[in-house]
Amino acid sequence: MGHLITLATYVSLNQWALDFQGNYERIIESIAIAKQRGAAMRVGPELEIPGYGCYDHFLEGDTVLHSWEVLAKILAGEDTMNILCDIGMPVVHKNVIYNCRVIIHNKQILLIRPKMWLANDGNYREMRYFTPWMKHRQWEDHYLPRIIQAVTKQTKVPFGDCVISTVDTCIGVELCEELFTPSSPHILMGLDGVEIFTNSSGSHHELRKLYARVELIKEATLKLGGVYLYANQQGCDGDRLYYDGCAMIAMNGHIVAQGSQFSLSDVEVVTATIDIEDVRSHRTSRSRALQAATTERYHRIEVPFALSGGKFSEQGGEQTPGLRLSLHEARFHIPEEEIALGPACWLWDYLRRSRTQGYFVPLSGGVDSCATAVIVYSMCRLVADAARRADKQVIADARRIVGEPEDSGYIPSDPREFCSRIFHTCYMGTENSSVETRKRAKDLALAIGSYHVDLNMDSVVTSVVDLFSFVTGAKPRFKVHGGTGAENLALQNIQARLRMVLSYLFAQLLPWVRGRQGGLLVLGSANVDESLRGYLTKYDCSSADINPIGGISKTDLKKFIAYAQDAFDLPILRSFLDAIPTAELEPISETYVQADEADMGMTYDELSVFGRLRKVEKCGPYSIFTKLVHEWGAILSPVEIAEKVKHFFFEHARNRHKMTTLTPAYHAESYSPDDNRFDLRPFLYPSRFPWQFRKIDQVAAALPDRSNLGPEKAKTD
């Protein structure tokens, strides 16, 4: 054991866009915890001072000004004395806005490091606000604003792609997206002698995504050797994304310490004590030495302090020994757990920060609204767990939400009791509803403890239809009663849209009915596959304030319900899984029962396949057809596959306009059709795609039918 260094990187810094006061307080708290644990260095998430999700506010001078003011306040205090801090904020250098890390120590700015590779696809539009620093391994003088000069007594500081050289090691910065690029900065920095890499990230949660992030972090130090400190924001900072934390410290290809991926805590600090000599012994291979000997050098900013206390010195403070105990593998949640935790944490942040009094969900007795309700119940379980651990912030927020006075001793330790105070459900039945769905909705509400209302809305529906008949002299009929397709659809849609109107009425007035103040947020429950297909009524119950399942597939939701049945001790959930999905908007007869998959003309599993090929694999109609001929050719003929592909794209195209008004939903799936900024496409299409479909038909007619050969034979021929 040689030079021991205690390092801190924190994850659960639940920053909020433009909440400069709250963000400052959380930064200071994280530094205090790091120092208490004896850490010599603290690393925070990307753009932590203003919050990552400011978007076009980054173009405002106020955002940069207030960021400098917060940094000045941090520098002026004693909190950052005797600890190296890596803090994120926007900086304007020569009239250009950069996404930067500011490295400070003992009331001095050592370096401002601008981001070199910006995230600019998927959910990210960093180049809309920032410019990448393209002068690699170069630096310039940055002249500080007067509010900083007054504190640090510095006029200018280095700005650019440099590294920090302490008495005992060398530190380099890699910023979020830079890790994901083919030629990441850590490679050349490591070859030039950098031993500790910091990565400050604003990375969002997506189902099954964490594994790729962890592997990149491990790989960064496996071949190269070194210590990698990964910090990430955690929580909802004002939009559709949930930043899923999971701060990590890796060394020589192993995970040394890992934070939680989902948490209600505003600040969580992850620490580990490492021996820097282990990095040096890992770097003794000849091939690495030969490459390092010829690499270009970085400018080193030399500072007269050490991160270690000396070769055999004892480390002070409360420590997490990490490497001195054992190396361990990264921890991953299964997708069902991710659904239970991620949207629940997002809902909690949205509820407490919107300062509303709870949620309202129309329960239909189907899987989707059931999943939404169970996620709210999962949120209540997380609140109860945090309350039992005496989390002061969670308890204070819970008391305010339920209307308790400031001096109240209320502790939300029982999830069902807390659920009864903040969660309101309603079954809105019509003559087309079944006894089974009504009973399932009631039983679920009883199981989770929600305040439940059961009503029939036939009189409202009849009044609207009668009004139409009075004005036009024509009375529309359902298809089963001899009506046309237009009549049938209109009669279904009026039921769906009236449910949306009633939802907002009850959400506004139920707290008043219960003797409370304020209103409720209405939750939507349309899944990602139905949105992709357009199998929803515009301005029905899919129109809400927010939607926790709008980015989750039907297949994953059903798996989540099966998981929650045992994990949350909710036996009632089995009945939801056994039921056939149905909208219950048409009359039931002896020969007809409305079923979702029959209405859509495709299964939910098929929709997931189409969604991934369209968005993730970036395939158009013809490319999807050619891929599915190979994947489905053993069970379907080319002509049948062609018909499915054409049907999907026709329905997707003619319903695309619905995505422009889609309720803001938790982003959880890589093939989400969210029109806001993730899936940017027209909403007026040539929906019959004459050129594309004609080519598909020509190829399908010429291909042999292998669907009768069986899967194995079809693959080998």
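Is Arg-240 buried or exposed, going by its relative accessible area? Arg-240 is buried, with a relative accessible area of 17%; buried here means under 20%, exposed over 50%, and partly exposed in between, with a 1.4 Å probe and protein chains only. Before going further, note that this is a predicted model, in which local features need pLDDT of at least 70 and side-chain atom pairs count only at pLDDT 80 or more, while totals for chains, interfaces and linings use all residues. Residues are numbered from 1 along each chain as its sequence is written, and side-chain values use heavy atoms, with hydrogens and water left out.

So what does Arg-240 meet in a salt bridge? Its partner is Asp-674, at 3.6 Å from N to O. A salt bridge is a side-chain nitrogen of Lys or Arg within 4 Å of a carboxyl oxygen of Asp or Glu. Arg-240 lies in the loop between strand S12 (234-235) and S13, and Asp-674 in the loop between helix H22 (638-654) and helix H23 (690-702), so the pair ties together parts that are 434 residues apart in sequence. Helices (H or I, at least four residues) and strands (E, at least two) are DSSP runs, numbered from the N terminus. Asp-674 is buried too, at 13%.

Asp-674 also takes us to the largest cavity, being one of the residues nearest its centre, along with Gly-550, Leu-662, Ala-665 and Ser-672. A cavity, on a 1 Å grid over the protein atoms alone, is a set of points where a 1.4 Å probe fits but cannot get out, and lining residues have an atom within 4 Å of a point. This one holds about 110 Å³ of space, where a volume is the space filled by probe spheres set on the points, joined across faces, edges and corners. Its lining has 13 residues: five nonpolar, six polar and two charged. For those classes, Ala, Val, Leu, Ile, Met, Phe, Trp, Tyr, Cys and Pro count as nonpolar, Asp, Glu, Lys and Arg as charged, and the others, Gly among them, as polar.

The second largest cavity has about 60 Å³ of space, and Tyr-52, Tyr-55, Phe-58 and Arg-677 are among the residues that line it. Follow Tyr-52 from there.

The structure holds 24 aromatic pairs, meaning rings of Phe, Tyr and Trp (its six-membered ring) with centres within 6.5 Å; planes under 30 degrees apart count as stacked, over 60 as edge-to-face and the rest as tilted. Tyr-52 and Tyr-243 form an edge-to-face pair, 5.9 Å centre to centre with 70 degrees between the planes. This pair links distant parts of the chain, with Tyr-52 in the loop between strand S2 (41-43) and helix H2 (61-76) and Tyr-243 in strand S13 (residues 243-244), 191 residues apart. Both tyrosines, Tyr-52 and Tyr-243, are buried.

In one of them, Glu-178 pairs with Arg-113, the closest N and O atoms being 2.9 Å apart. Glu-178 sits in helix H4 (residues 177-180) and Arg-113 in strand S5 (residues 108-114), 65 residues apart. Glu-178 is buried at 0% relative accessible area, and Arg-113 is buried at 0% as well.

Key: 1 Å grid on protein atoms, 1.4 Å probe; cavity = no way out; pocket = protein on both sides within 12 Å on 5 of 7 lines; lining within 4 Å.
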